Amino acid sequence: MIRTAIAYHLPSGWPWDAAGTAELLSRRVFQPCSPSQTESSGFVPPRDQAELCHDVHGRYLVCFQVEEKLLPSAVIQEHVDIRVADIEIEQGYKPGRKETREIKDQVTRELLEQAFTRKRQTLAWICRQRGLLIVAANSANKADELMGALSDALEHVPACLVQTQLTPQSAMTSWLAADEAPEHFTIDTDCKLVSSTASKAAVSYTRHSLDAEEIRHHIAAGKRAEHLGLTFRDRMSFILGSELELKRIVMLDVLTESQEPTDNEIEHFDAQFLLESSEIEQAYLALIDAHGGIQAPQRDDLVDRAEQERKAA
């Protein structure tokens, strides 16, 4: 279910319960694209028979959905060229720039009404007990997109990206140099080392034994770890990135085998989410501890980026 994760800190907690959060999210509920829209976005229930904010044993799960019209610019231009050519034949001269722009606008409107749509969803959840908001986004841009929509709906999101005393690059580099992971973790077979010089020379290992001497040689030459494969408590493996993001998350057999089987899809969804979210939260707490703890946020950090931009505007 969850393959990537980006963590935010809730310094002052989460002030709303699940019902209150759902009510606020209804301000940005998803509406399908109108005939003239190229994109539409908003919050939807994260599963069937659920509210906009779904409470799973104290974890508030939400889902942000984006619908996009699939209309490549090359297709628009092809239709414009055909129409311009037809007009040139009829009138005996080629349309001017203004008329061509009007033709393009008209063609775009017509094609948008017929265009196929594509939907993508991003999950996020709030764990008030652990002071974390985690977005299951595979890029910072998609996480920002969801956080911006949250800010629009809630007016204020009391969250900031987790910033630790040690940077992930320095922590990962020190673990590799010592050939020893922090408590609860083991080093796997993937890493990327990048030079701090202008050349940005890099060496990557994928499913490869990380020989300690070879790694230390690269570190001595000035390279720093950009990402590193880790396993948490023999239960979950992932790639730790330079922004403390988790990628390629895999729940290992020792964890999934403990799950009670069920044929009920709704019960299975909730049970799977609870198992994975709990493990990811625990891994994040252990990683934060291994990075020297959370760096005290500045006052402005408590408001997300979209909120700051709105105030500036």
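Modeller: Let us start with charges: Arg59, Arg130 and Glu281 are linked in a network of salt bridges, where a salt bridge is a side-chain nitrogen of Lys or Arg within 4 Å of a carboxyl oxygen of Asp or Glu. This is a predicted model, in which local features need pLDDT of at least 70 and side-chain atom pairs count only at pLDDT 80 or more, whereas totals for chains, interfaces and linings use all residues. Residues are numbered from 1 along each chain as its sequence is written, and side-chain values use heavy atoms, with hydrogens and water left out.

Colleague: Which parts of the chain does the pair of Glu68 and Arg118 link?

Modeller: The side chains of Glu68 and Arg118 meet at 3.3 Å, N to O. This pair links distant parts of the chain, with Glu68 in strand 4 (residues 59-70) and Arg118 in strand 5 (residues 116-127), 50 residues apart. Helices (H or I, at least four residues) and strands (E, at least two) are DSSP runs, numbered from the N terminus.

Colleague: Is Glu68 buried or exposed?

Modeller: The general idea is a scale of relative accessible area, on which buried means under 20%, exposed over 50%, and partly exposed in between, computed with a 1.4 Å probe and protein chains only. Glu68 counts as buried because its relative accessibility is 16%, whereas Arg118, with a relative accessible area of 47%, is partly exposed.

Colleague: What does Arg120 form a salt bridge with?

Modeller: Its partner is Glu145, and the closest N and O atoms are 2.9 Å apart. This pair too links distant parts of the chain, since Arg120 is in strand 5 and Glu145 in helix 4, 25 residues apart. Arg120 is partly exposed at 24%, and Glu145 is partly exposed at 25%.

Colleague: Where in the chain are Asp190 and Arg248, which form a salt bridge?

Modeller: Asp190 is in strand 8 and Arg248 in strand 12, 58 residues apart, and the closest N and O atoms of the two are 3.4 Å apart. Asp190 counts as buried, because its relative accessibility is 9%.

Colleague: Which strands pair with strand 8?

Modeller: Two strands pair if DSSP finds at least two bridges between them. Strand 8 (residues 185-195) runs antiparallel to strand 10 (residues 223-232), and eight bridges join them; in this pairing, Leu193 stands opposite Ala225. Strand 8 also pairs in the antiparallel sense with strand 9 (residues 202-205), over four bridges, and there Cys191 stands opposite Tyr205.
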